[in-house]
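Subject: Handover of a structural model

Dear colleague,

Please find below the structure that I am handing over to you. I would be grateful if you could read the notes that follow alongside it.

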Amino acid sequence: MDYKFREIEDKWQAYWAENKSFKAEPENEKPKYFVLDMFPYPSGAGLHVGHPLGYIASDIVSRFKRQKGFNVLHPMGYDSFGLPAEQYAIQTGQHPAKTTDVNIARYREQLDKIGFSFDWSKEIRTSSSDYYKWTQWIFIQLFNSWYNLDSDKAENIEELISHFENFGTEGLNADCEGEVLFSAEQWKEFNEAKKEEVLLNYRLSYRSKSTVNWCSELGTVLANDEVKDGKSERGGYPVVQKEMMQWSMRISSFAQRLLDGLETIDWPEPLKESQRNWIGRSEGASVQFKVKEKDLKIEVFTTRPDTIFGVSFMVLAPENPLVDIISEETFKESINQYRTEASKKSERDRMADVKTVSGQFTGAFAIHPFSKKEIPIWIGDYVLASYGTGAVMSVPAHDSRDWAFAKHFDIPIPQVVEGGNINKEAHEAKEGILINSDFLNGLEVKMAISKAIEVIEKEEIGKGKINFRLRDAIFGRQRYWGEPIPVYYKDGVALTVKEEHLPIELPEVDAYKPTQDGEPPLARANAWKYNPENGQVGTEGYDLEWTTMPGWAGSSWYFLRYTDPNNSSDFADSKNLDYWGNVDLYIGGSEHATGHLLYSRFWNKFLKDRGFIKNDEPFQKLINQGMILGTSAIVHRIKGKNQFVSKSHINNCQTTAIHVDVSLVNASDELDIEAFKNWRDDLKDAEFVLEDGKFVCTREVEKMSKRWYNVVNPDDICEEYGADSLRMYEMFLGPLEQSKPWNTAGLSGVHGFLKKYWRLFNNGESIDISEEEPSKEELKSLHTLLKKVNEDISNFSFNTSISAFMICVNELQAASCSKRNILEPLTIALSPFAPHIAEETWSLLGHKQSISQADFPVADESLLVESSFAYPVAINGKMKLKVDLPLSLSKDEIQKEVMAMEKVIEYLAGKEPKRVIVVPSKIVNIVL
RNA sequence: GCCCUGGUGGUGGAAUUGGUAGACACGCAGGACUUAAAAUCCUGUGGCCUGUAAGGCCGUGCGGGUUCAAGUCCCGCCCGGGGCACCA
């Protein structure tokens with residue numbers, strides 16, 4: 001009986017679907033376990049073998065946990081709003097919803113072939129209006145919330161309004177932009193528009209000006225990703241930094257809690273670290289500098305208030321609005337020129353370029369708050385408008401960027417902390433004694449910082465402050481294929497759509513690109529007005545918002561929707577939310593470290609504050625899976641000719657490297673020349689210089705991508721080797737977290753293993769299972785495996801458990817073991833990894849129920865106890881020989897035994913060892 | 001530039017966290033079965049030296065250090081990968 005994997009896999013996939021084997025509902029008998037994958041964006045290219053890596057890992061854990069007695073929720077869905085579908089729509093005129101549907105169908109088909117234990121009854125799509133109705137609803141909740149710093153929570157905006165009505169801003173401690181003070185009486189006299197304007201400064205979703213990459217030729221905003229050297233990647237048009245009115249989210253209110261929460265969750269340390277860096281908490285002081293001859297102050301934030309006497313100039317970000325006010329007439333022209341130049345550079349370019357120093361004097365001076373000296377004010381692009389106040393007090397002696405600036409423009413560099421050589425470089429170390437600093441002289445830096453803050457506060461020129469790098473998240477996108485923001489404008493005032501009128505569905509438009517005037521695509525819609533009376537969207541009523549939500553909106557709460565995906569009266573029933581709680585295990589790529597994973601935590605904390613959910617953190621444990629890289633094949637063409645040279649001739653000629661489809665190259669890097677000629681029209685008449693009668697390509701490991709023709713499709717692997725082989729191989733490839741190159745040739749290893757396992761069940765002709773009791777050796781093989789697998793799954797070390805399976809099956813095969821009491825536990829242990837073959841052999845063993853219902857076997861450690869150990873004996877740390885000794889021996893006894901050995905005496909050659917180190921059950925080391 | 005991460009045979013990787021470097025596979029070489037192939041099974045396989053064997057030397061990116069003992073710890077470099085706020 002052969003291992004007919006195609007038949008077996010079809011059979012069991014149909015069985016699981018028909019019996020809804022993995023449907024999960026709240027119940028009280030078993031503990032719950034929520035296993036989540038980062039849901040995919042359904043791209044037109046379909047899945048390649050890299051995508052399922054994390055899904056296979058989470059599926060193994062899900063199946064394992066079920067067999068360990070947990071009620072497991074393991075859902076899947078699609079993050080189906082996004083830019084690629086929109087780009088495609090712009091090019092082809094095809095509605096993105098259509099392409100998205102096609103892509104999802106393809107994804108589903110591909111996923112089904114791999115045999116995942118997803119509960120498909122829970123599927124969600126972020127682009128379906130049943131779903132985004134609730135994304136819009138959450139937006140409205142955020143709009144109707146403010147951040148109370150006293151309770152350190154987001155609260156209903158009604159409470160803020162009632163505070164205004166009773167006390168005005170008196171006694172209010174709220175997070176707010178550009179605070180305006182007023183009394184209760186004044187509040188009552190404000191008109192609606194004014195009230196809204198005030199409230200907008202408090203709302204958690206709000207409108208404000210922010211800087212974007214604007215490309216006027218494309219009439220759109222671009223991601224940093226889409227901008228290369230100040231030009232758009234598509235078309236190469238100029239891109240400038242431009243201020244725009246945008247919807248934003250006040251994530252900064254949650255900065256400290258997002259930081260603190262990291263201590264309570266089990267995430268990879270590097271990932272936590274990048275969130276910490278992103279949040280960027282720094283302690284210091286804000287200090288105000290008066291501008292000479294103007295009734296104006298410049299506020300700066302500094303982490304080194306101790307160096308305040310070392311300030312010899314100030315620098316403003318070129319975009320800082322103060323620049324217009326303070327600049328002297330004679331400098332205006334050069335300033336505007338400098339600003340134009342700066343606007344062509346992206347923030348990242350500005351940060352990356354530390355070698356070029358540039359700046360421009362404004363002609364204005366500030367007054368030092370202590371020394372009262374005049375300090376020149378410059379603008380410079382190393383100061384970023386988006387961080388701090390967009391202005392710095394420059395201490396060139398103790399900050400390297402200030403130092404470089406001062407050197408370049410010949411500004412004095414007064415030293416205020418002892419040490420270093422400030423003629424050569426800035427002395428940045430946060431240690432040393434203060435000098436030339438009036439009341440700070442003689443203090444250690446640490447002491448000086450607190451003393452400086454104390455005096456700054458006393459003199460009322462500033463105060464101690466904690467600053468965060470985390471900025472509020474821009475929420476509006478000038479795109480079509482996203483959730484409409486449920487906002488309309490009444491007399492210029494932004495109001496949210498009534499909850500009972502949700503969803504506001506995406507309107508039909510004649511094209512998916514921006515309008516001629518550079519307005520977002522939704523401005524094209526004819527019927528894009530809202531009537532708050534009846535909820536109708538059409539040609540009557542108030543204008544609806546034109547921008548849509550960013551990609552991260554839908555993905556910031558989808559895990560909650562999985563608990564109750566078809567609920568139409570609530571985003572999820574609280575019973576379900578409470579039962580499933582937060583995600584126990586989340587698997588996905590580390591590229592989401594600071595985007596999705598931070599925004600989700602933000603929304604989760606917000607929803608908790610407002611009482612909709614109970615958990616503070618959404619994802620308790622998180623694992624990052626690595627990338628599977630493609631092994632590209634490259635041929636080399638002689639420059640100017642249609643002639644290709646084999647690998648060994650490359651160095652002798654000038655060649656161009658060309659990527660060739662990996663399917664045209666075999667495992668020994670040999671090119672199929674005929675297939676290659678037919679691959680593209682221009683290759684029909686190509687000539688080839690061979691070596692040993694073959695044409696050999698070179699290989700390169702890089703990201704799997706259509707562009708490099710190195711994509712391997714899981715469907716092909718399932719067809720040729722089966723889903724179980726694919727699953728096993730992806731896990732066998734290496735540690736889950738690591739990125740590793742794909743090599744289809746290696747699949748024969750795990751495929752051979754599965755065949756070997758299959759043969760344990762039959763004698764070549766028919767099923768042949770022995771009821772005999774297992775031998776000691778067989779039990780030891782089995783239980784060594786069980787111990788390893790139990791440990792490895794808990795540590796997500798799947799590659800090593802697969803080698804344990806191989807070792808076990810090799811041993812059982814050598815012993816020709818076909819005993820039920822060995823094969824049954826072995827089969828259950830294998831079933832999370834290779835579920836199809838396991839179901840089949842389970843039924844061959846006579847079981848009627850799915851193996852997913854079986855209990856995972858536990859290792860009996862008593863079968864594994866050894867009585868002796870083969871001690872390695874090392875001389876001077878180098879292993880020379882081994883000796884088998886009982887484990888019961890004491891240190892001294894071991895030493896005696898070893899020193900008495902003939903070989904050891906030979907090695908010693910009469911010398912007396914200086915030391916003998918005995919580590920029981922580890923090693924013996926003799927030092928000569 | 002900044003932050004994070006990795007570097008071990010021809011290849012993917014293993015190494016109980018300081019204690020036998022190279023488990024398990026791929027590939028390669030040789031053999032058995034076969035008319036032949038496929039499939040399967042067996043043997044060998046880090047490098048170098050010694051005719052073989054016994055044995056010896058070298059070996060975890062590079063250079064130092066700590067230790068009886070370093071792939072693992074410390075210091076300084078080199079190279080690859082990921083992220084850096086509108087890709088998802």
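Predicted model: local features only at pLDDT ≥ 70, side-chain atom pairs only at ≥ 80, totals over all residues.

**Surroundings of RNA strand B**

There are 62 residues around RNA strand B, and those that come nearest are Ala223, Arg348, Leu733, Asn810 and Lys882. On the RNA side, 67% of the atoms of RNA strand B that come within 4 Å of the protein belong to sugar and phosphate. Sorted by class, the surface near RNA strand B is made up of 26 nonpolar, 18 polar and 18 charged residues. Helix 25 (residues 798–814) supplies the largest share of this surface, with seven residues.

- Ala223 places a polar backbone atom 2.5 Å from a sugar or linking oxygen of RNA strand B.
- Arg479 has a polar side-chain atom 3.1 Å from a base oxygen of RNA strand B.
- Gln813 has an N or O atom in its side chain at 3.1 Å from a phosphate oxygen of RNA strand B.

**Local backbone features**

What kind of peptide bond joins Leu502 and Pro503? The bond is cis, with omega at about 0°. Pro503 belongs to the loop between strand 19 (493–496) and strand 20 (529–530).

For Asp410, phi is near 60°. Asp410 is part of the loop between helix 14 (400–409) and helix 15 (445–458), and its relative accessible area of 71% means that Asp410 is exposed. For Tyr709, phi is near 55°. Tyr709 sits in the loop between strand 29 (698–703) and helix 21 (714–720); with a relative accessible area of 32%, Tyr709 is partly exposed.

**A loop histidine and a nonpolar patch**

His95 is located in the loop between helix 3 (83–92) and helix 4 (96–112). Is His95 buried or exposed? His95 counts as buried because its relative accessibility is 18%, and the cut-off for buried is under 20%. The side chain of His95 also makes a polar contact, at 3.3 Å, with the side chain of Tyr480.

On the surface, a nonpolar patch is formed by Ile917, Val919 and Ile923, which together have about 180 Å² of accessible area. Ile917 lies in strand 33 (residues 915–919) and is partly exposed, at a relative accessible area of 30%.

**Salt bridges**

Side chains of opposite charge can pair when their charged atoms come close. In this model, 39 salt bridges were found.

The side chains of Asp584 and Lys32 form a salt bridge with an N to O distance of 2.8 Å. This pair links distant parts of the chain, 552 residues apart: Asp584 is in strand 23 (residues 583–588) and Lys32 is in strand 1 (residues 32–37). Asp584 has a relative accessibility of 19% and therefore counts as buried.

Asp59 and Arg727 also meet through their side chains in a salt bridge, at 2.8 Å from N to O. How accessible are the partners? Asp59 is buried, with a relative accessible area of 0%, and Arg727 likewise counts as buried at 0% relative accessibility.

Asp399 counts as buried at 16% relative accessibility, whereas Arg401 is partly exposed, with a relative accessible area of 48%. Elsewhere, Asp101, Arg108, Asp112, Glu123 and Arg125 are joined into one network by salt bridges that share partners.

Yours sincerely

Key. Residues numbered from 1 in each chain as written. Chains lettered and ligands numbered in written order. Heavy atoms only, no water. Near = heavy atom within 4 Å. Polar contact = N/O pair within 3.5 Å; in protein donor to acceptor, adjacent residues only side chain to side chain. Helix = DSSP H or I, 4+ residues; strand = E, 2+ residues; numbered from the N terminus. Nonpolar A, V, L, I, M, F, W, Y, C, P; charged D, E, K, R; others polar. Patch = residues over 30% accessible without salt bridge, like charges linked within 9 Å, V, L, I, M, F, W, Y side chains within 5 Å. Areas by Shrake-Rupley, 256 points an atom, 1.4 Å probe, with all protein chains shown as cover. Salt bridge = Lys/Arg side-chain N within 4 Å of Asp/Glu carboxyl O. Buried < 20%, exposed > 50% of the residue type's maximum accessible area, 1.4 Å probe, protein only.
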